[in-house]
Amino acid sequence: MDLKITKYGAVYDYRYTKVISIRRKNLRRHILTMANVITDSNETKKHLDDRLNLHQDSITKMSYMVVKICFEMLNATEKRIFTHTWGYKDKNGNWQGIIDHLLKKEADLGTLTIFTQERMKVIDYIAMVGSTAVRFVFREPPLALLENIFALPFTTAVWVAIFICVMGCALFLYITSKWEASVGMHPLQLNGSWADVLILIIGAVLQQGCTLEPRYAAGRCVTLLLFVALTILYAAYSANIVVLLRAPSSSVRSLPDLLNSPLKLGASDFEYNRYFFKKLNEPIRKAIYNKKIAPKGKKPNFYTMKEGVDKIRKGLFAFHMELNPGYRLIQETYQEDEKCDLVEIDYINEIDPWLPGQKRSPYKDLFKISFIKIRETGIQSNIHRRLHVGKPKCSGSISTFSSVGITDMYPALIATLYGMLISVVVLILEITYKRLLHLREKRRLLRKLIN
């Protein structure tokens with residue numbers, strides 16, 4: 001007790017402290033209400049703080065567990081109300097969900113909510129009591145889908161060096177074959193023409209050999225060196241191809257990459273996804289939504305969490321989802337090797353959500369101080385670790401068998417198809433040329449008879 005003498009008399013101060021936040025931390029069982037968002041299952045109402053069904057409404061449970069401790073610190077009586085949405089304006093401009101409850105003074109706090117300019121005008125954001133993120137998640141597409149893997153084993157410099165080496169050997173073989181043809185001919189000997197040299201070179205490059213070959217030491221030495229060099233290069237090339245056939249591509253790392261990639265896109269069927277996809281008008285984001293999420297004339301690609309995670313597993317699909325429940329489902333259902341190539345891309349690009357409260361609430365400072373204490377003492381971090389699931393970790397390289405598909409062999413099949421078409425064209429040209437020669441011979445004989 002402090003005694004203070006003034007001209008009006010004696011004033012006795014019975015307050016045990018003059019710090020307002022300490023004096024007012026006991027609300028003497030006053031009722032405080034929290035609005036909770038339920039989107040996955042009504043069973044969440046029964047399991048808000050017992051760590052059961054953690055894959056359902058994880059952000060709601062994380063918010064409630066921290067707010068419950070705050071209410072206990074303030075010696076307040078807890079009241080819970082539930083809604084199905086965070087709060088967006090309807091066609092008539094009226095707020096729904098948590099925001100509506102806060103505006104009507106029916107709730108003091110709500111579930112963690114993402115910042116928007118419209119919401120900041122009507123509510124106050126109190127504190128960040130947890131973290132979550134909503135992002136595109138997908139498995140890295142195979143390299144063969146985005147690149148021609150048959151051109152990747154060697155660098156451009158190596159390809160140029162191989163070309164120069166082969167051309168040099170071809171020139172030397174041509175010179176030696178000319179000399180050998182002048183000395184004497186054999187049925188299986190190069191006749192000194194570029195056509196024979198070209199056939200031999202192609203056979204060496206493709207590891208097929210040729211029936212025609214040099215007969216003397218000079219030409220045979222060049223041929224031997226050519227085959228040895230190409231055999232070594234062929235072994236290195238084949239080993240690289242085997243690795244590249246199953247290698248993932250790292251070329252999809254941003255929103256423009258995602259837009260231009262062959263990946264199909266989808267999103268979890270929640271109201272915040274529908275809201276932000278339509279709200280963001282930046283050209284790239286708008287193009288992603290209009291071309292890959294909700295193309296005109298087709299049903300929008302919104303799926304349940306289970307359906308989206310299953311599509312991610314099959315590959316060539318990017319799913320926009322809340323990471324915590326999504327990664328929990330991936331952790332429970334994926335094989336170990338399927339967790340090694342997961343990639344995230346941020347679409348909304350927002351900061352972590354905060355707890356919303358009434359505008360100019362008399363409890364605002366009490367809430368802020370309590371949440372700061374909860375955070376400083378490590379309780380918030382403990383709750384976060386108990387409920388949060390990070391990106392699944394790859395437990396090392398695991399040897400798994402995977403078949404090579406048509407996509408992987410597409411360049412080789414195209415080359416084969418072109419080769420078949422060219423061979424048919426060449427055959428037609430040869431037949432045409434032979435017939436022209438036959439006609440020319442007939443004309444020559446006819447002129448001779450006439451003369």
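Biologist: Which residues line the largest cavity?

Modeller: T39, D40, D57, S58, I59, W86, F270, Y272, E322 and P325 line it. A cavity here is a set of points on a 1 Å grid over the protein atoms alone where a 1.4 Å probe fits but cannot get out, and lining residues have an atom within 4 Å of a point. This is a predicted model: local features need pLDDT of at least 70, side-chain atom pairs count only at pLDDT 80 or more, and totals for chains, interfaces and linings use all residues. Residues are numbered from 1 along each chain as its sequence is written, and side-chain values use heavy atoms, without hydrogens and water.

Biologist: How much space lies in that largest cavity?

Modeller: About 70 Å³, the volume being the space filled by probe spheres set on the points. The structure holds two cavities of 30 Å³ or more.

Biologist: Switching to the sheet: what is the strand order?

Modeller: β9-β8-β10-β7-β11, an open sheet with mixed pairing. Strands are DSSP runs of E, at least two residues, and two of them pair if DSSP finds at least two bridges between them.

Biologist: How many bridges join β8 to β9?

Modeller: Two, and these strands run parallel. S268 has Y303 in β9 as its bridge partner.

Biologist: And what does L258 touch?

Modeller: Leaving out residues up to four places away in sequence, L258 touches F136, F138, V252, L263, L265, K292, A318 and I345. Contact means heavy atoms within 4.5 Å.

How values were computed. Helices (H or I, at least four residues) and strands (E, at least two) are DSSP runs, numbered from the N terminus. On a 1 Å grid over the protein atoms alone, a cavity is a set of points where a 1.4 Å probe fits but cannot get out, and a pocket is an open set with protein on both sides within 12 Å along at least five of seven lines; lining residues have an atom within 4 Å of a point.
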